[in-house]
Amino acid sequence: MMLTWGDVRRWDPAAIGRVADALNDGCAKIIAANDDVEAMARFTGWTGDAATAAATRGASLTSTLERLVAEASAVRRGAHEVQIALDRIVAFVRETDELAHRNGLAIGAGGEISVGVPRPDQARVRAELADRVEQGLRRATDVDADFADILRRALRGEITEQCGSTLAQAADAGAAQSGLSIIGPPENGTPGDNKAWWASLSDTAKVALLQGNPGLVGNLDGIPAADRDAANRAVLASEIARLQGDPKLKGLEAIQQRLDRSEPQAFLLGLDTSGDGKAIVSAGNPDTAANVATYVPGTGSELAKIGGDLNRSDKMWAAATTSGSPSTAVITWLGYDAPNEITDAASDKYADGGKAALAQFQDGLRETHQGSPSHNTVLGHSYGTTVVGHAAGDGGLAADELVFVASPGVGAHDVSELHLDGVNQDEIGEHVHATVAEHDMINLANVEIAGYDPILGQDPADAEFGGQVFTSAPGTDGWGGYSTEAHSEYWEDNNPSLRNIGLIIAGKPAS
């Protein structure tokens, strides 16, 4: 019998959870009596035909209990994974019903869509609802089939105790056999490859991966933001517990605090605690936002110090929202090994090391975005602009706008050497924006010496570079007219640069 929208509407994930709890309690009681059960097969000091018969019977009972424990454990684990998958589907059904109601429409038990209150543009919404109904029923059917397969294998005795001789080992073996056969992601796959692989999995299989191997999923470009977030939150919790006393713990705790705040909702899109550490955190959902910005920080950036960068992204989100963006996501992309010191920043090797990862991340944003393509901006600060420039200079970057803030050079002499996918090359200058504060110490890095170009390329805030230069406050004055403070003041609340960045993210002209 085929599932209907009304069937799925009535689904109760908690009921599956109660089944899993009951099976778990039963297994726990049998395992707790393990010594008594094993004693059935041991009769020390008793010999003869009766002893042999009793030992044979005891061994048979023990084997039966091991098999039952293995099968019950398999069903218990399967039920637990299915419950989480059902939670996702039931939430999807509820959101779809609410979308219909908000637009004067209704979805019948059979999935038919009817008009309750006539409103403009209902044809578009009806088409979206039809797609969502089809998708929801397909996902529900997959989960139903997954759980039915687990139950069939248990009832047919196809789940057997292996590699162990105790009830506890039998339970572990059964649980290990409960999952479906899942093929991993393509090796060195593109974001498009990863997206296709993920879409091929049932909800139950996705849940199994998110729970059993979150590190595999969390850093894959092309996986939806909500799923990457679910995986990385699990990794974050384990890393916080593991890295007590490590300097990176401060950054992990800053990420956790940001995830705990609700406005805007944050998504953890990447996490790696090796070396100085890497993390990708989005303020807002990039898969649904109309305007999406990726912020690449510069010299000295590392996981331990990410709290300040998260605050900057929140400010840019607010500035874009104030500028009229209907929905916004601003991503802190600390996805490369940044120079630790200013002396290291004289080399472009860090930019070359990070440009491919940035380009692939941007490709992934295009792959996972829902609905009409979003307006995407990539913004770099300080050495982050060098990373962005090198990524845009190598064949093209999947973005609509580039923003260079306080740049020491972007690896190009002028805008003609930069490329954005979807932007006509003869219009590139209209989509490259730059600013530098009058008193910013970075100005010293952009001075031509004895006729030689600056080490990292021309200053993109120079009018001759060919981009759009927008206003920033002069910044804190200092020795010789320059200061390091001015280099970090672009996100001050009263700085026109913050307002201009918000306008660019929102797709509007800056000043």
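**Reading a predicted model, feature by feature**

Colleague: Is helix H15 largely enclosed or largely open?

Modeller: Count its buried residues. A residue is buried when its relative accessible area is under 20%. H15 spans residues 496-505, and eight of its ten residues are buried, so the rest of the structure largely encloses this helix.

Colleague: Which residues of H15 are buried?

Modeller: Ser497, Leu498 and Asn500 are on the list. Ile501, Gly502, Leu503, Ile504 and Ile505 complete it.

Colleague: What covers the buried residues of H15?

Modeller: The cover includes helix H12 and several strands. Among the strands are S5 (291-296), S6 (328-334) and S7 (375-381). S8 (401-405) and S9 (432-435) also take part.

Colleague: H12 has another helix beside it. How do I read a helix pair?

Modeller: Two packed helices are described by the angle between their axes and the distance between the axes. Now take H11 (residues 248-260) and H12 (residues 306-322). Their axes come within 8 Å and cross at roughly 30 degrees. Angles under 35 degrees count as roughly parallel, so H11 and H12 are roughly parallel to each other.

Colleague: Which residues make the contact between H11 and H12?

Modeller: H11 supplies Gly251, Ala254, Ile255 and Arg258. H12 supplies Ile306, Gly307, Leu310 and Asp314.

Colleague: How many residues of each class are in that contact?

Modeller: Four are nonpolar, two are polar and two are charged.

Colleague: Now a single side chain. Where is Lys355 found?

Modeller: Lys355 is in helix H13, residues 349-368.

Colleague: Which side chains make polar contacts with the side chain of Lys355?

Modeller: Look for N or O atoms paired within 3.5 Å. The side chain of Asp394 is one partner, at 2.6 Å. The side chain of Asp352 is another, at 3.3 Å.

Colleague: Step back to the whole chain. How many helices and strands does it have?

Modeller: The protein chain has 15 helices and ten strands. Of its 511 residues, 50% count as buried.

Colleague: What share of the contacts with a separation of 6 or more joins residues 24 or more positions apart?

Modeller: Such pairs account for 70% of those contacts.

Colleague: And what is the accessible surface of the protein chain?

Modeller: It comes to about 23300 Å², and 52% of that belongs to carbon and sulfur atoms.

How values were computed
Residues are numbered from 1 along each chain as its sequence is written. This is a predicted model: local features need pLDDT of at least 70, side-chain atom pairs count only at pLDDT 80 or more; totals for chains, interfaces and linings use all residues. Side-chain values use heavy atoms; hydrogens and water are left out. Helices (H or I, at least four residues) and strands (E, at least two) are DSSP runs, numbered from the N terminus. Buried means under 20% relative accessible area, exposed over 50%, partly exposed in between (1.4 Å probe, protein chains only). Contact means heavy atoms within 4.5 Å. Accessible areas come from the Shrake-Rupley method with a 1.4 Å probe; for residues, only the protein chains shown count as cover. A polar contact is a pair of N or O atoms within 3.5 Å; within protein, one must be able to donate a hydrogen and the other to accept it, and residues adjacent in sequence count only if both atoms are side-chain atoms. Axes are lines fitted to C-alpha atoms, for helices over the stretch in contact, and angles run from 0 to 180 degrees between N-to-C directions. Angles under 35 degrees count as roughly parallel, over 145 as roughly antiparallel, 65 to 115 as roughly perpendicular and the rest as oblique. Ala, Val, Leu, Ile, Met, Phe, Trp, Tyr, Cys and Pro count as nonpolar, Asp, Glu, Lys and Arg as charged, and the others, Gly among them, as polar.
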